[in-house]
Amino acid sequence: MFRFNSFLHLLGYVLLIAPPRAIDLTVAERTRQGELSKQPLSIVMLVELLIRVALLLILAVALESIMGEIYYETYRLDIVFSIVAGFGACHSFIYFFFLGYLRHSLGTQRSMRIYRLLRNFCYASLPGMIAVLPILVWKWKWEQEKFPFEDDLVFSVYCSTTFLMIAVGAVEALIMKRKPLGLDKHLNVER
């Protein structure tokens, strides 16, 4: 079970879903006097984000070589990976501003709540992408459509799921009291 959890965490990290590790990296580098020890948190966050986006691009290219260019383009996976990268970058900047930069001036509780709300808004689009997978498989397997996005069914399911997840994310951010899971252990870093 531990290996499966480690795999899921690694997959979430590569897909930019898991939170960044910039604060922990900064603390570790300063403790060990590593290469990034003299860099501010913003530079460490930016370097980490660039590495994660590069890993996501490697995954996208590998998937394109496995599927073939025709299927990759037909199912618009380049758009999917662009959306994931865009919202992942947005999540990283939210993490930096509210947990690394503004946490002391706003207070830990308020910055955590704002971070949670904005993080939930960033990732509300991902369940919509997963919700349309059965429809796309059904169209590919039984209807043999050349263009799976010709009708509005896929777009309607995507939008409905995304709006539902925005509402659920807003409610979750307002009622949850505990610190979001997966965050850095060290949130007290001098910038």
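**Figure 1. Overview of the helical protein chain.**
The predicted protein chain has ten helices and zero strands. Followed along the sequence, its elements give the pattern α-α-α-α-α-α-α-α-α-α. Of the 191 residues in the protein chain, 36% are buried. Among contacts with a separation of 6 or more, 73% join residues 24 or more positions apart. The accessible surface of the protein chain amounts to about 11,700 Å². Carbon and sulfur atoms account for 70% of that surface.

S37 counts as buried because its relative accessibility is 12%, below the 20% cut-off. A polar atom of the S37 side chain lies 2.9 Å from the backbone oxygen of G34. When neighbours within four places in sequence are set aside, S37 is in contact with E29 and R30.

**Figure 2. Close-up of the cysteines C90 and C122.**
The closest cysteine sulfur to that of C90 belongs to C122, at 3.5 Å. This distance is too far for a bond, because a disulfide requires the two sulfur atoms to be within 2.5 Å. C122 is likewise in no disulfide, and its nearest cysteine sulfur is that of C90. The count by this rule is zero disulfides. The two residues fall into separate accessibility classes: C90 is partly exposed, with a relative accessible area of 35%, whereas C122 is buried, at 4% relative accessibility.

**Figure 3. Close-up of a nonpolar surface patch that includes L55.**
The patch is formed by I43, V47, I51, L55 and I58. Together these residues have about 400 Å² of accessible area. L55, one of the residues in the patch, is located in helix α3. With a relative accessibility of 34%, L55 counts as partly exposed, because this class lies between the 20% and 50% cut-offs.

Note on methods:
Residues are numbered from 1 along each chain as its sequence is written. This is a predicted model: local features need pLDDT of at least 70, side-chain atom pairs count only at pLDDT 80 or more; totals for chains, interfaces and linings use all residues. Side-chain values use heavy atoms; hydrogens and water are left out. Buried means under 20% relative accessible area, exposed over 50%, partly exposed in between (1.4 Å probe, protein chains only). A polar contact is a pair of N or O atoms within 3.5 Å; within protein, one must be able to donate a hydrogen and the other to accept it, and residues adjacent in sequence count only if both atoms are side-chain atoms. Contact means heavy atoms within 4.5 Å. Patches are made of residues with over 30% relative accessible area and no salt bridge: like charges are joined within 9 Å, nonpolar side chains (Val, Leu, Ile, Met, Phe, Trp, Tyr) within 5 Å. Accessible areas come from the Shrake-Rupley method with a 1.4 Å probe; for residues, only the protein chains shown count as cover. A salt bridge is a side-chain nitrogen of Lys or Arg within 4 Å of a carboxyl oxygen of Asp or Glu. Helices (H or I, at least four residues) and strands (E, at least two) are DSSP runs, numbered from the N terminus.
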